[in-house]
Amino acid sequence: MQDQLLSLLIVLTVGAASLGAANVHGICTPEDLEGLTGFKAGIHFDTSGRLEKWVGLKCCEWEGISCSNATGRVAEIRLPGFISASDFVYQSEMKGWLSPSITLLSSLEVIDLGGLMSLAGMIPPSIGFCLPKLRKLYLYGNQISGMLPESIGKLWQLEELLLYENKLSGSLPPSLGNLSNLNSMILYSNQLSGTVPDSFTNLTGLVHLDLHNNSFIGAIPEKIGQLHNMKELDLSSNFLGGRIPLSITNLTAISVLYLDTNSLEGEIPSPSRLDQMPSLSFLRLQNNQLTGEISPNFAHLISLRRVSLAHNQLKGEIPSSLGALSALTELYLDDNQLSGIIPESMGQLSQLLVLSISNNMIQGPLPQEMSSLFNLQIINLSFNEFNFSSIPQWLLRLPSLSRIYMAGCGIQGEIPESLKIMPSPIQELDLSVNHLTGNLSSWLGTLTQLYLLNLSRNALVSDVPESIAQLNALGVLDLHSNKLTGNIGQVFKMEHRFPQGPLTYIDLSDNRFTEGIEQIGIGAQCGVQFLNLSCNFFPGRLPTTVGICTSLQSLDLSNNNLGLNLPDALENLSSLEVLKLQRNQLTGSIPEGFLKLSKLRELNLSDNLLVGQIPAGKPLTDFPESSFSGNRGLCGKPLNPCKL
């Protein structure tokens, strides 16, 4: 008996030695070689050139392949799309199919084929039966489709499952709840549907779960609070409904919680003790249907840095206890039904960078204590019930404030000149829908850091000052619905720091301008994408230089006094999606070049003096009669046929 045991021991020793020798020489086992060559055969394009080096029998020496020293078997395939060199990172691409032969590599512990961009196919249905040692599965950033196989729940050793940014569809198999060693499951940006399996609450080792940007429905699992190791949970941008489970406050390790952009209802669960969710730093619940009030217990979330409860149906007052959130840097409460006043304790938020509470029913005055918010950079108070007679002067003296949104706040009088001496140069200013009067003063030209200026829907008069040409950082200019007059030419003469100029959005509609339209395309601002000059008194011809503005996506010159022919240069606006020229005095025919405007989705040439046949073909034939009506001389589809 002892001789038999000794013989068996010798056989095993020799076998192990032979495997080790095979590994030393880099020679594959036949099974592994077949699996790797099958994988290679499925790929017909590889920009990295790694697979073309896979020749011979020594697969353990192939680039991207690692073998076990103990067994000689292939343990890792690492062929990620991003290849790091000493001084750069290279994005490679593989086109082809994920071959099922990869499951022949039965000792695999790591599969990293992430970020290859064009790798298609399905996850092999037998993966769970064939790869029992797999710890990491990275297939993210590809074109992988189909369903997650049920057998994936048999990968008992799996620690990381990264399948995001693919085309996976169908429901998640409940068997995923069996993966007790799993710490990261990242499946965002696929086409997954169905409910989030209740079995997920068994994954007590899970640290990071990200399912955002899919099509999940149903409720969040009621026992989700059992995941005590969870640090990051993202279920945003799905179709989840029902209430947020009360157990969620038991996620004691959670630091990032994103449940926004769903259809969640009911009240927001709040911790009852300081030891519940003590590490929660980032909370997003916006774009849901949440109701009730913000609980004073919200202040128990002592680590909160960024919180958004915007776009819900929350009522009541902002609790004064929020002033205890000493780490808070960003607070978004926009578009709710909040009322009352801003609590004085808000002035205690010394780290606050952003305060955005627009579209509520909050009343004034602003508490003087907010003058202590020395780090505040952005404030949005628009469309509440403040009814300020003027902007508080202490607000304009805050040392870091550079973006002010106070639309619909009842502000009266002239534009405050103290804006030009703010400690931090103003970058964005929205005072629209107020009761501003007086001129556009020349000192506006001193705001050289200004990117956005919205003074629309006020009662401003006068010309646009010449000094506005000095605003060389301006990207958005909205002065519509005032009583402005004169020349707009200086808008197109602005100095600029960038090619084509930074100005992309111009709305001067519904004023009393009469001159300057001929400057379109002549000045430095050729990068305009949105241009609205409608409802003014511009005469003459639409300038041919408009064809230089090839970035234009929307052009509205309706309700003016424009005449003569439509310029052929309009055909150069290949990015144009909206063209409105109705209610002018345009004559002549519609240029044949309009057929080149392939992106055009909205056209209105009605109520002019146009004649002749409408050019036949797309996109013109796709528009309704109303796009051409009121031109007695026009004919052809979609109007009546032309008479021979």
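Buried means under 20% relative accessible area, exposed over 50%, and partly exposed in between, with a 1.4 Å probe and protein chains only. The structure described here is a predicted model, in which local features need pLDDT of at least 70 and side-chain atom pairs count only at pLDDT 80 or more, while totals for chains, interfaces and linings use all residues. Residues are numbered from 1 along each chain as its sequence is written, and side-chain values use heavy atoms, with hydrogens and water left out.

**Salt bridges**

A salt bridge is a side-chain nitrogen of Lys or Arg within 4 Å of a carboxyl oxygen of Asp or Glu. The whole structure holds 16 salt bridges. Three of them are listed here.

| Pair | Closest N and O atoms |
|---|---|
| R73 and E31 | 3.2 Å |
| E428 and R403 | 3.4 Å |

Helices (H or I, at least four residues) and strands (E, at least two) are DSSP runs, numbered from the N terminus. In the pair R73 and E31, the closest N and O atoms are 3.2 Å apart. R73 is buried at 15% relative accessibility, whereas E31 is partly exposed at 36%. E31 and R73 also belong, with D32, to a network of salt bridges.

D260 is in the loop between β18 (256-258) and β19 (265-266), and R284 is in strand β20 (residues 282-284), 24 residues apart. D260 is buried at 4% relative accessibility, and R284 is partly exposed at 26%.

E428 and R403 form a salt bridge at 3.4 Å. E428 belongs to strand β30 (residues 428-430) and R403 to strand β28 (residues 403-405), 25 residues apart. The relative accessible area is 13% for E428, which is buried, and 23% for R403, which is partly exposed.

**A buried arginine without a salt bridge**

R50 sits in the loop between β1 (43-46) and β2 (65-67). R50 is buried yet has no salt bridge, and D46, the nearest side chain of opposite charge, is 4.9 Å away. Here Lys and Arg count as positive and Asp and Glu as negative, while His and the chain ends are not counted. The R50 side chain makes a polar contact with the side chain of S48 at 2.8 Å, and another of 3.4 Å joins the side chains of R50 and S92. A polar contact is a pair of N or O atoms within 3.5 Å; within protein, one must be able to donate a hydrogen and the other to accept it, and residues adjacent in sequence count only if both atoms are side-chain atoms.
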